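Colleague: I've got a model open and I'd like to learn how to read it. Could you walk me through it?

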Amino acid sequence: MNRIAAIAVHTFKESVRERVLYTLVVFAIVMIGAGLILGGVSVGINQIALVNLGLSAISVFGLLIAVFIGISLVWKEMERRTLYNVLSKPVARAEFILGKFFGLVLTLVVNTAVMTAGFYLVLWYEKGRLTAADVAPLQAIYFILLQLALVVGVALLFSTISGPALSALFTISLYVIGSLLGDLRAFGEQSGSAALRGASYVLSVLLPDFGALADIAPAAHGELLPASRVLAQSLDAMLYGIVLLSATVLIFERRDLR
Amino acid sequence: MSAEMIQAKPRRIAAVAFVAALAASIALRTSLDRKATKQPAFSPVEYVTSGKTLRQLSFGYQGLLADFYWTRAVQYFGRQKLTGTGDFQELGPLLRITTELDPHLLIAYRFGAIFLAEEPPSGAGQPDAALALIRRGIAANPSYWRLWQDLGFIYYWNLKDYARAASAFEAGSRQPGADVWMKTLAASVAAQGGELETSRQLWSEVFSQASNESIRRSAQEHLAAIKAAEDIGHLDQLLSEFVRREGRPASSVGDLVREGMLPGWPVDPSGVRYELGSGGKAALGAGSKVDLHLAR
């Protein structure tokens, strides 16, 4: 456990040294601030536009950070040969993977916290005060974090089997497919073909359901999702996270690192 | 030539190239922009006509897309209104896409319906499309009583269907949190549809809730017209009274003042004196900014 924590902390420190991270966070905060302009040029949606744009910026820039830092985590260690140093110590490959995963998730939590602080600062500027109803975006941000954790898991999985370019391509592709799972299932059901229906069902239960975690619109209207939904999505994300990490560990254990 | 000079040369060339290319680029873009304004306006709903499709392709950012589409609808409405052509073809589709992307964006139903229902050139003159929009809003937000108010308003004002207006106000009054005046309004519309007092009540509500300058101004113009129509009705009564008293028709509104029937020369909401029109009836004075058609 201590070894996983040590690798996680090291990964976090290494990630926060990436300049691209700060650029993305600054861009995100600028985007959040742009919500003020969007609300200004429209009619009656100042706060809705601010929440929608703010949460979308947190989500999009979080995804970029998750993909572009996630894909290079293992690959960079192999390129620099630092992986061999780590593994020559009494550190299991599984511990290395888990440490990398938690380190990057920690990075994303910290980044998201910074972007969230920026978001609430802009919201406070727009409204003049914050009320209890303003807690709704926090629920959406929690869902965004679950989504980002899964994206990190996917990126980590692909980074153990291919280089950064292909890993990015695979991760983004899986994110797109995972965002459309509901539609995939609906198309299968409407197709009239039993084989297609079966295939779409199998895919929809095997792939990560990113679409279910993308629920920003209710937060913009100050609506809280039911606790049962939050619990179910949290459980689903945790279980799928375990699936991704176990698969990554299985592949990495078998990988010839000589 | 010193080493420093050799190094400085490419930097100077790069600086000159930067300034020259930037200037040329700005000139080219300005010229292109100027040409672009002469071309037909880009249709905002030309490529994607279904909000449902956009929703599927939005990857969870449909709320943000809905905000963009609502903003486009507002800007489109404003632009077309300014042109005065009365062409609002894209307004309905833009509002449909907006509300399909975010069925809980209440403002798009409420103001969108007003934009659609208003007579040209102030609006699109499509009350049926406005009704359809509001009905979709009610289906998606069944307990939001203000949409019933808007439904009743369109029936009352744009379609002059007082029975349906009354039943819409009545249905709205049964929704949770509905203001008590909805019940009163339902009753007064049922009893005296088309009365100026009922119209004033409706437009006052629109005015008090409008967060958009264009709608607020429109409500103000309607309220001014209603006030002028009431004033003219009152003046006509006084003119009849004058005939009874004096045995001759008044030669001007001033006669009523001189006879002490009015404390002073009455002015309409734009500050212009009422005058006598054809047939000896009271009318708006020359230069009045009030549009009496808006009172009916």
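Modeller: Let's go from whole chains down to a single residue.

Modeller: This is a predicted model, so local features need pLDDT of at least 70 and side-chain atom pairs count only at pLDDT 80 or more, while totals for chains, interfaces and linings use all residues. Residues are numbered from 1 along each chain as its sequence is written, and chains are lettered from A and ligands numbered from 1 in the order in which they are written.

Colleague: How many helices and strands does chain B have?

Modeller: Helices (H or I, at least four residues) and strands (E, at least two) are DSSP runs, numbered from the N terminus. Chain B has 12 helices and 2 strands, and its order from the N terminus is α-α-α-α-α-α-α-α-α-α-α-α-β-β. Chain A has 12 helices and 0 strands.

Colleague: How many residues does each chain put into the contact between them?

Modeller: Chain B gives 17 residues and chain A gives 21. On the chain B side, α3 (62–83) and α5 are the elements that give two or more residues, and α3(B) has the largest share, with 7 residues. That side divides into 7 nonpolar, 8 polar and 2 charged residues. Here Ala, Val, Leu, Ile, Met, Phe, Trp, Tyr, Cys and Pro count as nonpolar, Asp, Glu, Lys and Arg as charged, and the others, Gly among them, as polar.

Colleague: How do I read a helix pair?

Modeller: Two packed helices are described by the angle between their axes and the distance between the axes. Axes are lines fitted to C-alpha atoms, for helices over the stretch in contact, and angles run from 0 to 180 degrees between N-to-C directions. In chain B, α5 and α6 (residues 127–140) pack at about 170°, with axes 7 Å apart. That makes α5(B) roughly antiparallel to α6(B); under 35 degrees counts as roughly parallel, over 145 as roughly antiparallel, 65 to 115 as roughly perpendicular and the rest as oblique. Their contact has 9 nonpolar, 2 polar and no charged residues.

Colleague: Where is B:Arg110, and is it buried or exposed?

Modeller: B:Arg110 is in α5(B), residues 106–117. It is buried, because 25 other C-beta atoms lie within 10 Å. Leaving aside neighbours within four places in sequence, B:Arg110 is in contact with B:Arg146 and B:Asp150. Its C-alpha atom is also 6.8 Å from that of B:Leu147, 37 residues apart along the chain.

Colleague: What covers the buried residues of α11(B)?

Modeller: The cover includes α5, α10 (196–209), α12 (253–258) and β2 (282–283) of chain B. Among the buried residues of α11(B) are B:Ile215, B:His222 and B:Leu235. After α11(B) comes B:Gly247, with a positive phi near 75°.

Notes:
A residue is buried if 20 or more other C-beta atoms lie within 10 Å of its own, exposed if 12 or fewer, and partly exposed in between; C-beta atoms are placed from the backbone. Two residues are in contact if their C-beta atoms, placed from the backbone, lie within 7 Å.
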